[in-house]
Amino acid sequence: MTTRQSATRRAVLKAATAASALVAAPAFLRQAGAANPIKIGIPTVITGGYALLGSQVMRTCKLVKKLTDAKGGLLGQPIEFVYQDTQGDPATCVRKCQELVERDNCRILTGVIVSSEAAAMLPKLEEWNAILISHGNGDGRLTAELFVPRFFRANTSAPMGARALALYLKDAPEKKFIAIASDAAWGRSSNAAFEEQIKKVGKDLVDKIYAPVANKDYSPYITKILQSGAQGCYVALQGDEARAFYSQATQYGLAQRVQFFTEIVAQADIKVLGKDAIGLMGSSRYPLTYDVPQNTAFREAFMSEYKNEIPDWSDGEMYQALMILFAAIEKAGSPEPMKIAAAMEDLDVTSVKGPILMRKCDHQGENQGFVVKVAKNDKYAEPIGEIVTIYPRELNTPDCRSASYSK
């Protein structure tokens, strides 16, 4: 064997030994010298009745990763979203979150769709050394009697959506209302908040209807609405439930008899209704046409990435939650959960919905209240919600650790 061959062989053996040692080394040593990703767990609904909302969460996360990594990442690190299917079930959600924490080392969690899932997670957050940032959970109790220090809500809650509508309806011609909601935590919170707020402005709520979760036949409830004598109908339904209700309501001509006021104006529902959606009014968790640079940039990036798609409310709220999270991480200078939590308290960020204050007292994000009316817009292939009025965030956000308003 020549000297050169011997040296080459020794080099190969040395490299192989080093590689074996690296594989056997602990994870933190294997990753040394490389930019470790900041992992964010997304326990969301991939299958089931709210799967469309989950798909919106995931597509916005993918867009945000692309935009963020193109700018050099966060704290100089790439971001990595890890997805799990909760199926909209609280027990499944907790189990999947446990996997995200223990197997994937995700201590930052967001993208949860169903309020009852979020409520089931709250008691586990300290054990997991994790934080949960809500992008869309509406149940008012989450920042009231269920409050825990590791939970933050960046989005408009059900009481806030009802509040904006009630403030608008104070001067509306309709006097008598009926409310229909999903028999789930968010739906019950929505109906209760609407009842409280609509009575404060001198209107009459003649009845509250609760349809079973995943209900498909709304004909008995539509008949009840038609017979109620109500002039306005408050709707707190989402996902497949909302699309089933609106489709069947169209068949009955309900919109010609009763004015709909929905707690969330969703682009997915508008798409189902088509021209029949024109005139629908409601609270908007993400006003597509809101004219601020942050929203213009997001809307243009989204529609460039997803051709022929209009960002829906869950896209806008997911983007806003992530922008608030990223601002807190940068302020903290660390992705460590409790450092993020400390940085997020009283954090003031201007996002796609304007100025947002993450209140220290209950971790509820103060959001402006938007009321929109669905109309045709030549810039878009389908009708969209056009802003009718905007209420200041201080007026639209409940009292601290409460779902009610003293103002």
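An open sheet of seven strands runs in the order β7-β6-β8-β9-β10-β14-β15, and its pairing is mixed. The model is predicted. β7 (204-211) and β15 (384-391) form the edges, each pairing on one side only. On average, neighbouring strands of this sheet are turned by 25 degrees against each other, direction ignored.

Inside the sheet, β9 (residues 259-262) and β10 (residues 281-283) run parallel. Two bridges join them. Phenylalanine 261 stands opposite methionine 281 in β10.

| Helix | Residues | Partners |
|---|---|---|
| α12 | 293-305 | buried residues pack against α3 (51-70) and α13 (313-332) |

Helix α12 has 13 residues. From its first C-alpha to its last it reaches 18 Å, close to the 18 Å expected at 1.5 Å a residue.

Which residues of α12 are buried? They are Asn295, Phe298, Arg299 and Phe302. These residues sit on the same side of α12, because they cover an arc of only 95 degrees around the axis. That buried set packs against α3 and α13. The face turned away from the buried side carries the exposed residues Pro293 and Glu300.

Technical notes. Residues are numbered from 1 along each chain as its sequence is written. This is a predicted model: local features need pLDDT of at least 70, side-chain atom pairs count only at pLDDT 80 or more; totals for chains, interfaces and linings use all residues. Side-chain values use heavy atoms; hydrogens and water are left out. Two strands pair if DSSP finds at least two bridges between them. Helices (H or I, at least four residues) and strands (E, at least two) are DSSP runs, numbered from the N terminus. Axes are lines fitted to C-alpha atoms, for helices over the stretch in contact, and angles run from 0 to 180 degrees between N-to-C directions. The expected span of a helix is 1.5 Å times one less than its number of residues. Buried means under 20% relative accessible area, exposed over 50%, partly exposed in between (1.4 Å probe, protein chains only). The arc is that of the directions from the helix axis to the C-beta atoms. Contact means heavy atoms within 4.5 Å.
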